[in-house]
Amino acid sequence: MPSFEPPVRHLMGPGPSDVPARVRQAMAAPTIGHLDPAFQEFMERLKTDLRVLFGTANRMTFALSAPATAAMESCLANLLEPGETAVICRNGAFGGRLTEMARRLGATVVTVDDEWGRPPDPDRVEAALAAHPEARVLAFVHA
């Protein structure tokens, strides 16, 4: 199979985004396994640096190598219990994805729907929160 050479683009959206040359060079380095002592040492340094960056002493601070969807799901799974209420702004694909995730977690979901690609209406968001003071989460995607 012939190799693929993608065209050079200047990406300015929320993702995918341009990858700096030093990151591309690092990605070309040999791969080591997650049980390799060198990887374990690197991961411990990374976790220490992340704790400094986020201003926490929590030993459960770690890097999650995954797409943004995994971050959204991780966030909701850590904030919502079954039966709790989430107010979710739905104005595009990711708002819909947040809604489905919250429902799968057993939350009662209140949606604030706006036209795709338009920002959520702050007055409608405020009204939804006033109507549901029990809401544990307000979620929206900014892109």
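1. Starting with the biggest opening: the residues lining the largest pocket split into seven nonpolar, one polar and one charged. Keep in mind throughout that this is a predicted model. The pocket's volume comes to about 350 Å³.

2. Who sits around that pocket? The lining is made up of R22, A26, M27, A29, P30, T31, I32, F39 and F42. Two elements, α1 (21–27) and α2 (37–54), each give two or more residues to it. The largest share, three residues, belongs to α1.

3. Next in size, the second largest pocket has a volume of about 240 Å³. It is lined by 13 residues, and the closest to its centre are N91, R118, V141, H142 and A143. Sorted by class, this lining has seven nonpolar, five polar and one charged residues. R118 must be the charged one, because Arg is in the charged class and the lining has one charged residue.

4. On to the charges. Side chains of opposite charge can pair when their charged atoms come close. How many salt bridges does a search of the whole structure find? The count is seven, and three of these pairs are worth a look below.

5. E73 and R104 form a salt bridge through their side chains, at 4.0 Å from N to O. E73 belongs to helix α3 (residues 68–79) and R104 to helix α4 (residues 93–104), so this is a link between distant parts of the chain, 31 residues apart. Is each partner buried or exposed? E73 is partly exposed, at 34% relative accessible area, while R104 is exposed, at 58%.

6. R136 and E84 make another salt bridge, with their closest N and O atoms 3.6 Å apart. R136 is in the loop between α5 (122–131) and β3 (137–139), and E84 is in the loop between α3 and β1 (85–90), so the pair ties together parts 52 residues apart in sequence. R136 is exposed, with a relative accessible area of 52%, and E84 is partly exposed, at 23%.

7. Lastly, D114 and R124 meet in a salt bridge at 3.0 Å, N to O. D114 lies in the loop between β2 (108–113) and α5, R124 lies in helix α5, and the two are ten residues apart. R124 counts as partly exposed, with 37% relative accessibility.

Conventions
Residues are numbered from 1 along each chain as its sequence is written. This is a predicted model: local features need pLDDT of at least 70, side-chain atom pairs count only at pLDDT 80 or more; totals for chains, interfaces and linings use all residues. Side-chain values use heavy atoms; hydrogens and water are left out. On a 1 Å grid over the protein atoms alone, a cavity is a set of points where a 1.4 Å probe fits but cannot get out, and a pocket is an open set with protein on both sides within 12 Å along at least five of seven lines; lining residues have an atom within 4 Å of a point. Grid points are joined across faces, edges and corners, and a volume is the space filled by probe spheres set on the points. Helices (H or I, at least four residues) and strands (E, at least two) are DSSP runs, numbered from the N terminus. Buried means under 20% relative accessible area, exposed over 50%, partly exposed in between (1.4 Å probe, protein chains only).
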